[in-house]
Amino acid sequence: MEDKIRLCSVDDVAEGFPCAVNPVGFIALAVFRVANEVFVTGNLCTHGNALLSDGYQEGDVIECPLHGGAFCIRSGEPVSLPCSERIPTYEPILENGQVFIRRA
Ligand code: FES
């Protein structure tokens, strides 16, 4: 079995337009672009039932669409209430214009 799992193409992700992906065996994930960097986080807000990929990205901060809480895309740490629990982050692997993460 492959040791990594493909999420999307780098070109699928523009700054401000995160890509929602649901790889088999993983929780829902979001792929973000910040300038020339790519980040992968869990896509579910830890405050409630909302997809962060539907939220509003400002640089390396993603604001949840439901109650306006926010997370740092780089670290997963909450940066604005009512969010107080971090979201998971995953190290992206970029190969041939594709975004992968390591299989758990
Ligand atoms: Fe995200 Fe409430 S569900 S801030």
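How many helices and how many strands does the chain have? Here are some friendly notes.

1. This is a predicted model, in which local features need pLDDT of at least 70 and side-chain atom pairs count only at pLDDT 80 or more, while totals for chains, interfaces and linings use all residues. Residues are numbered from 1 along each chain as its sequence is written.

2. The chain has eleven strands and zero helices, where helices (H or I, at least four residues) and strands (E, at least two) are DSSP runs numbered from the N terminus. Along the sequence the pattern reads β-β-β-β-β-β-β-β-β-β-β. With a radius of gyration of 13 Å, close to the 13 Å from the globule rule for 104 residues, the chain is as compact as a globular protein of that length. That radius is taken over C-alpha atoms, and the rule is 2.2 Å times the number of residues to the power 0.38.

3. Turning to the interior, 29% of the 104 residues count as buried, meaning that 20 or more other C-beta atoms, placed from the backbone, lie within 10 Å of the residue's own.

4. Do look at Val31: leaving out residues up to four places away in sequence, Val31 touches Leu7, Cys8, Val13, Pro18, Cys19, Val21, Val38, Val40 and Val99. Contact here means C-beta atoms, placed from the backbone, within 7 Å.

Notes. Contact = placed C-beta atoms within 7 Å. Buried ≥ 20, exposed ≤ 12 C-beta atoms within 10 Å, placed from the backbone.
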